[in-house]
Amino acid sequence: MDKGVKIVLDACGGDNAPDEIIKGAYEALKKKENLHIIFAGPEDEIKQKVENYTDIPTDRVSYCNATEVIEMAEPPVKAIRSKKDSSIVKGLTLVKNGEADAFVSAGSTGAILVGGQLIVGKQRGVKRAPLAPIMPTMNGVTLLIDCGANVDARPEHLVSFAKMGSIYMENVLKKKNPTVGLLSIGTEEEKGNALVKETLPLLKECEDINFIGPVEARDLPFGVADVVVTEAFAGNIALKMYEGTAKMLMKVLKESLTANLRSKLGAAMALPSLKEHMKAFDASRYGGAPLLGLKGLVVKAHGSSTAVEINNAILQCMVFFKEDINGKIAAEMNTEENSNGI
């Protein structure tokens, strides 16, 4: 059996905590015999709910008692510093101390981003740790990096994002020689803001990535590149517009298919094929977005995550750990640091 993997779950984070968090963990434990789950949260309450799953092996579950919760609206830095007994702080501390291999939370994005960098810490050579969600596309998936962690990124940061994103795609999603695009307002090199124009020549000169040039947001749903690099402000806007458009299209499609008897009859015949095709656009299959470049693995799951997303986030962590993504990123960043004479 492979070396065991210990993953801390924030049992207090997200709209559906703790029930969906526990259920997701249960599903993952059934699939992976080398998995150990640590629930961070009020121990007595969580333990009572976990014990309802009578077939969970007790030797593969443990608890990290946490009496505080960081709420979504709290200022992240202040919350991390003041709520030392929160599930986020205690879970991240376990990763920092080497007592766990990964931390997964559907809680406050800001607190997870701040806590990941302040508590777990960045790897040597990593100036900024980007958040990198997977976006389903017509051509498979795209890794959008960064989408929320670094709104004041500089050109050299975007180059490191491209390298880390390429490592992730090649090793976790098995995309050989992944293509990299730079998000811009046009494919012409003269377009874009100062950051895009300054980053473009650096990416073109980078021999470690398969750079294809600037790409537009409208082409993201068609899988224009395997990795799309941007700073957090533009990335977050693109991601949320993408999510909102998907929800709108699903709502319109549902209303159209149930508008009258004729459309309902047509929907009944088309439904099996439609469901099969829609699986490709189900973002829940990927569970969450890793915060790349840290000394340990931190994954931010969507705030509304159900057991399906939590289960998939856990499985994603196990692949991440098995493929030693942190080690590969550390090697790449150290090589870059040495080549720059730092």
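This is a predicted model: local features need pLDDT of at least 70, side-chain atom pairs count only at pLDDT 80 or more; totals for chains, interfaces and linings use all residues.
The secondary structure of the protein chain consists of 11 helices and 11 strands. Its radius of gyration is 21 Å, close to the 20 Å that the globule rule gives for 342 residues, so the chain is as compact as a globular protein of that length. Along the principal axes, the C-alpha trace spans about 70 × 60 × 40 Å. The accessible surface of the protein chain comes to about 16600 Å², and 54% of this surface belongs to carbon and sulfur atoms. Of the 342 residues, 51% are buried. When contacts with a separation of 6 or more are considered, 72% are made by residues 24 or more positions apart.

In soluble globular proteins, nonpolar side chains tend to be buried together. In the present model, the largest nonpolar core contains 62 residues, among which I7, L9, I37, F39 and I314 touch the most other members. Helix α6, which covers residues 155-171, gives the most to this core, with eight residues. A second, separate core is made up of 37 residues, including M135, L220, A289 and V298.

Because a residue is buried when its relative accessible area is under 20%, M169, at 1% relative accessibility, counts as buried. Apart from its neighbours within four places in sequence, M169 is in contact with I134, V141, L143, K174, K175, P178, D226 and V227. The C-alpha atoms of M169 and N326 are separated by 13 Å, although these two residues are 157 residues apart along the chain.

Nonpolar residues also occur at the surface. V151, F233 and I237 form a nonpolar patch there, with about 330 Å² of accessible area together. Of these residues, I237 is placed in helix α8, which comprises residues 232-257.

Methods. Residues are numbered from 1 along each chain as its sequence is written. Side-chain values use heavy atoms; hydrogens and water are left out. Patches are made of residues with over 30% relative accessible area and no salt bridge: like charges are joined within 9 Å, nonpolar side chains (Val, Leu, Ile, Met, Phe, Trp, Tyr) within 5 Å. Accessible areas come from the Shrake-Rupley method with a 1.4 Å probe; for residues, only the protein chains shown count as cover. A salt bridge is a side-chain nitrogen of Lys or Arg within 4 Å of a carboxyl oxygen of Asp or Glu. Helices (H or I, at least four residues) and strands (E, at least two) are DSSP runs, numbered from the N terminus. A nonpolar core is a set of buried Ala, Val, Leu, Ile, Met, Phe, Trp, Tyr and Cys residues joined through side-chain atoms within 4.5 Å. Buried means under 20% relative accessible area, exposed over 50%, partly exposed in between (1.4 Å probe, protein chains only). The radius of gyration is taken over C-alpha atoms; the globule rule is 2.2 Å times the number of residues to the power 0.38. Contact means heavy atoms within 4.5 Å.
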